[in-house]
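Trainee: I am new to this structure. Could you take me through the terms used for it?
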Amino acid sequence: MPVLLPLEQGVNFRDLGGYRTKDGQQIKANKVIRAASLGNLSPKDIDFLAEYGLRHDVDFRSSEEQENAPDKVPTGATYHFVPVRSEERRVGKE
């Protein structure tokens with residue numbers, strides 16, 4: 001099941017490989033990672049994630065959380081800000 005990634009300062013980084021989807025499929029390892037935030041990563045953590053193959057950082061946090069601790073995005077990854085709270089989504093479209 002999920003594997004905790006060995007990061008120095010990253011909080012709750014887990015590879016979700018092994019989880020089952022609603023239709024019974026299984027998520028492949030090294031495809032989906034979940035984490036609390038990429039704002040406190042050390043340079044070694046950033047290098048680890050780049051080597052791990054991180055390609056997309058999808059940030060579901062609020063604008064305030066994003067501003068207080070911006071994600072440190074590894075080289076080669078694309079940042080996507082997609083707040084989950086509906087009032088945040090409306091603000092982004094005005």
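This is a predicted model: local features need pLDDT of at least 70, side-chain atom pairs count only at pLDDT 80 or more; totals for chains, interfaces and linings use all residues.

Trainee: What makes a set of points a pocket?

Mentor: On a 1 Å grid over the protein atoms alone, a pocket is an open set with protein on both sides within 12 Å along at least five of seven lines; a cavity is one where a 1.4 Å probe fits but cannot get out, and lining residues have an atom within 4 Å of a point. The largest pocket has a volume of about 620 Å³.

Trainee: Which element supplies the largest share of its lining?

Mentor: Strand S4, with four residues. S3 (33-34), H1 (43-52) and S4 (56-59) each supply at least two. Helices (H or I, at least four residues) and strands (E, at least two) are DSSP runs, numbered from the N terminus.

Trainee: Why are the buried residues of H1 said to line one face?

Mentor: They are Asp45, Leu49 and Tyr52, buried meaning under 20% relative accessible area and exposed over 50%, partly exposed in between (1.4 Å probe, protein chains only). Down the axis of H1 they fall within an arc of 60°, so they line one face; the arc is that of the directions from the helix axis to the C-beta atoms. The face turned away carries the exposed Pro43, Lys44 and Glu51.

Conventions. Residues are numbered from 1 along each chain as its sequence is written. Side-chain values use heavy atoms; hydrogens and water are left out. Grid points are joined across faces, edges and corners, and a volume is the space filled by probe spheres set on the points.
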